[in-house]
Amino acid sequence: MNNKRLDPKSDNRYTIREEILPNGVLSDLSIKRTERTDSALFTCVATNAFGSDDTSINMIVQEVPEVPYGLKVLDKSGRSVQLSWAAPYDGNSPIKRYIIEYKISKGTWEVDIDRVLVPGQQNVAGVFNLKPATTYHLRIVAENEIGSSDPSDTVTIITAEEAPSGPPSTVKVEAEDQHTLMISWKPPERDDWNGEILGYYVGYREASSEKPYLFETVEFSKEEGKEHHLKINELKTYAQYSVVVQAFNKVGAGPMSEEVRQYTAEGIPEQPPQDTTCTTLTSQTIRVSWVSPPLTSANGVIKGYKVVYGPSDTWYDENSKDTKITSSSETILHGLKKYTNYSMQVLAFTSGGDGVRSSPIHCQTEQDVPEAPSAVKALVMSGESILVSWKPPEQPNGVVVQYTVYVREIVDEGKEAEPKSQKVPPFQMSYEASSLKKKERYEFWVTASTVIGEGQPSKPVSLSPSNRVPAKIASFDDAFTATYKEDVKLPCLAVGVPAPDIQWKVKGVAFQQDDHIRQLPEGSLFIKSVTRQDAGEYSCSVENSFGHDTITHQLVVHAPPHSPQVTLTSTTTTSITMKLRPHATDTAPLHGYTVHYKPEFGEWETVQVNSQAQTYTLEGLWCGSRYQIYVTAYNGIGTGEQSDNLNTRTKGSKPVIPEAGRFIEVSTNSITLHLSAWSDGGCPMLYFVVEHKKRNSLEWNQISNNVKPGGNFVVLDLDPANWYHLRVTAHNNAGFTVAEYEFATLTITGGTIPPPERESSPGNKYFPWLPEWLDLNVVVPVGATVVVIIVGVIVICVAMSRRSRGPEQTRLRDDVVYNQSAGGNSTMDKRRPDLRDELGYIAPPNRKLPPVPGSNYNTCDRIKRGHSGSFRNHATWDPRHPRNMYEELTLHPPNGRRIPAHPGSDETMYHRADFARALAKAKQSHDKGQERLKSMTCPNLR
């Protein structure tokens with residue numbers, strides 16, 4: 001065996017058997033349970049006396065291949081992986097193929113296995129059609145003619161993420177109101193995620209527009225199968241919008257969903273019906289017609305029209321108006337008042353509500369026959385005449401052109417005399433029937449007539465003429481309405497024989513005649529330029545010997561209203577509610593209120609309020625803002641005084657900054673901002689501005705300046721394991737709030753990084769010897785404050801010290817001799833030449849010195865030139881001697897000896913100071929004077 005003698009005793013699997021045959025020997029070798037090591041060259045050698053011979057048999061033991069080894073991943077993507085391995089022992093049979101087996105991590109090798117066949121000569125192959133972001137187990141098996149090897153060790157991989165391959169499902173769009181759409185959807189099928197979905201992009205645009213979609217971002221909800229929602233606001237009324245939704249992960253966005261279209265809710269028509277006209281048909285009917293408003297302004301489907309109409313003189317009163325609804329473009333108004341001016345407005349309405357009213361148009365119904373005069377009186381004037389008076393009809397139904405007075409004599413029962421009539425002009429309200437029979441009874445009635453015809457007769461009154469004529473008043477009790485500053489005449493037409501005495505009372509008190517109010521000869525009362533105070537009750541009394549009579553008039557003065565009473569009742573974030581009350585003394589009916597209001601930093605605006613309104617709410621105000629409000633009332637006369645100012649504010653405040661843990665969710669390459677963590681302060685959020693920068697960077701990067709509130713906002717493209725600063729500015733109507741945060745992105749493996757090193761204080765850069773704990777931002781201000789305090793204390797001490805030496809200085813001045821005529825060679829100069837420098841100059845405080853008397857140059861010149869030659873004058877400032885500001889100083893010796901004066905000079909002796917004290921004080925004053933002079937009068941010497 002392989003040129004070695006085979007010894008069966010060494011391995012009991014080998015057996016050699018020999019059989020003697022007639023012509024030779026048969027020898028065979030048996031091997032039990034062959035093994036790989038049995039593959040060898042077996043040689044059989046036969047030997048006899050004549051020689052030897054041999055034959056060889058090469059035996060090869062074949063088996064299945066060994067397990068492939070060295071399985072590793074060369075490359076992978078979202079849907080494929082490239083593998084390599086080392087070829088195993090082939091079992092003495094060429095490997096025909098390799099089988100790559102793989103399954104998802106959650107599956108089993110028995111059921112969920114997939115295979116890839118690879119030719120036996122290859123040791124690199126790819127597995128394709130995998131799912132992105134999925135964990136797989138892979139192994140490999142080698143196969144030859146004998147069979148297959150055992151599987152290799154398992155390799156686990158996670159395929160790379162890809163953008164989602166499917167759109168969100170079940171996308172629905174519903175109209176919430178005229179400006180809002182509610183969008184809902186569910187996540188894509190799980191197999192289409194291709195990773196972890198971070199959120200959704202919701203795009204919308206008008207269906208008729210070619211512009212690109214406007215996208216908003218919505219955070220992904222991790223609840224399995226949960227429906228997502230987004231509310232889109234500030235849309236056009238009754239406009240059709242197209243909506244798409246797409247999911248995104250950290251790789252990118254997936255396909256869009258199919259476009260879903262929906263209309264916003266119907267609104268109210270923005271424009272009124274056009275070309276409104278009215279035509280009078282009869283005394284009680286008017287036809288109104290119009291043209292529909294433009295469809296572009298309808299904001300919905302116009303369901304019909306409303307005609308609002310009412311008498312023009314009470315148009316301000318909503319209770320006097322009626323409304324007729326029709327679906328056509330014209331209608332006829334019935335049951336109107338005769339000969340009355342009507343105002344009409346037309347509006348279109350949709351399911352969203354009533355639209356804008358048209359401008360009022362006016363038509364007057366036709367005239368008709370009038371009603372009967374409302375009252376008739378008959379008064380005896382003499383034995384042959386009777387005065388008939390009447391009041392106009394309450395409803396004249398037109399212009400009264402005449403009155404007709406009927407007189408009929410009452411004869412025996414069962415007989416009627418033919419009445420006589422007399423036409424009277426419309427301005428005349430009485431008629432004297434004369435030539436009557438004494439003691440006969442007469443019946444009187446009156447009718448009014450318009451151009452249409454004669455109206456109904458009044459109730460008849462009867463009376464007999466008589467020579468006895470009691471005092472009576474032909475005028476009637478009446479109510480008079482006057483306009484402010486208008487002249488008024490209150491009638492009191494009286495009859496009676498003898499002539500009655502006429503007395504007027506104003507509010508129960510006998511009136512005193514003056515320039516403002518006086519009684520006319522015929523008895524009427526004349527009031528000039530009525531005021532509010534003239535309103536009230538006026539009574540006229542007449543009396544003679546046969547009787548008396550009284551009538552009462554009520555005078556109502558219509559004037560502009562007083563200031564109304566305005567009371568604040570409640571406020572919300574967007575509204576202010578107030579209570580409105582007219583002034584208690586106003587008599588004229590109010591036509592309405594005008595509310596004036598302005599925000600703290602805005603312009604004045606006005607709104608009209610119905611006169612019947614007891615409360616009014618200002619809507620649509622800015623949240624958390626201060627407002628100033630006042631109200632005026634108006635009537636048919638004009639606008640009255642304004643109410644007291646009402647200063648208030650709507651509820652709400654600026655946004656409130658949330659905690660970082662609730663607001664920021666950090667990942668490797670992005671952060672998610674939970675915008676709902678912000679408290680809006682009661683005022684709805686308008687938008688957010690989001691900026692970020694790396695920790696050591698100086699410039700901020702703006703991510704978005706119009707992030708919509710609600711939901712979440714994802715900041716992408718961040719570097720892993722880096723510290724960042726985040727700045728978020730939240731805006732609402734009450735203002736804005738800026739929040740800054742510091743955060744660190746996670747590592748690639750999802751771990752956190754250590755806190756950043758604390759930067760050294762700027763002072764350490766310039767003063768490295770300072771200890772680390774010393775912060776110059778604190779030390780410098782504190783040190784500066786201490787220095788200022790110390791300097792202040794020193795200044796105060798010096799000032800107090802000078803004040804304490806005041807008497808000595810005064811004594812010095814008393815001892816100084818001022819001399820204007822001293823010569824250049826004075827005694828002082830000769831005996832004490834050094835005294836010239838010591839007693840040189842004391843400057844007046846904060847004041848420029850005049851030239852030295854007797855000198856031809858000023859003080860500045862003197863200082864610049866120095867003290868060369870003879871020093872002539874040593875002067876000092878003394879406010880007590882303004883007339884002798886500069887005089888020469890002479891001193892009294894300490895021992896009482898007098899220093900001789902220069903001939904021809906005037907001198908004054910020292911009386912209370914010795915020479916040493918004077919010399920010391922003078923030197924001190926000289927030094928200070930020199931410094932002051934240089935600093936105040938000669939700046940060019942510096």
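Where does Thr573 lie relative to strand 44 and strand 45? Thr573 is found in the loop between strand 44 (565-571) and strand 45 (576-581), where helices (H or I, at least four residues) and strands (E, at least two) are DSSP runs numbered from the N terminus.

## Basis of the model

This is a predicted model, in which local features need pLDDT of at least 70 and side-chain atom pairs count only at pLDDT 80 or more, while totals for chains, interfaces and linings use all residues. Residues are numbered from 1 along each chain as its sequence is written, and side-chain values use heavy atoms, with hydrogens and water left out.

## Overall composition

The protein has eight helices and 58 strands. Of its 942 residues, 40% are buried, a term that stands for under 20% relative accessible area, with exposed meaning over 50% and partly exposed the range in between (1.4 Å probe, protein chains only). The accessible surface of the protein comes to about 52,800 Å², and 50% of it belongs to carbon and sulfur atoms; these areas come from the Shrake-Rupley method with a 1.4 Å probe.

Among contacts (heavy atoms within 4.5 Å) between residues at least 6 apart in sequence, 64% join residues at least 24 apart.

Thr573 is partly exposed, with a relative accessible area of 25%. Not counting residues up to four places away in sequence, Thr573 touches Leu621, Trp622, Cys623, Gly624, Thr650, Lys651 and Gly682. The C-alpha atoms of Thr573 and Gly652 are separated by 5.6 Å, although these two residues are 79 residues apart along the chain.

## Strand 21 and its partners

Strand 21 (residues 304-311) has eight of its eight residues buried, so it is largely enclosed by the rest of the structure. Pairing requires that DSSP finds at least two bridges between two strands; strand 21 is joined to strand 24 (residues 341-350) by eight bridges, the two running antiparallel, and to strand 22 (residues 322-326) by five bridges, again antiparallel. Tyr309 stands opposite Met344 in strand 24 and opposite Asp322 in strand 22.

An open sheet of three strands has the order 5-6-9 with antiparallel pairing. Strand 5 (69-76) and strand 9 (124-127) stand at the edges, each with a single partner strand, so one side of each is left without a neighbour in the sheet. Neighbouring strands of this sheet are turned by 25 degrees against each other on average, direction ignored, the axes being lines fitted to C-alpha atoms (for helices over the stretch in contact) and angles running from 0 to 180 degrees between N-to-C directions.

Strand 5 pairs with strand 6 (residues 81-86) in the antiparallel sense over five bridges, and Val73 stands opposite Leu83 in strand 6.

## The largest nonpolar core

A nonpolar core is a set of buried Ala, Val, Leu, Ile, Met, Phe, Trp, Tyr and Cys residues joined through side-chain atoms within 4.5 Å. The largest one has 21 residues, and those with the most contacts inside it are Phe663, Ile671, Leu673, Trp678, Phe688 and Leu726. At least two residues of this core come from each of strand 53 (671-674), strand 54 (685-694), strand 56 (712-715), strand 57 (723-732) and strand 58 (735-744), and strand 57 gives the most, with four residues.

Leaving aside residues up to four places away in sequence, Ile671 touches Ile664, Glu665, Val666, Phe713, Val714, Val715, Leu718, Leu726 and Phe743.

## The annotated segment

An unreviewed UniProt entry lists residues 778-801 as "transmembrane region"; such annotations may be inferred rather than shown by experiment, and the positions are given in the numbering used here, with feature names shortened. Over residues 778-801 the chain is 100% helix and 0% strand, with the end C-alpha atoms 35 Å apart.
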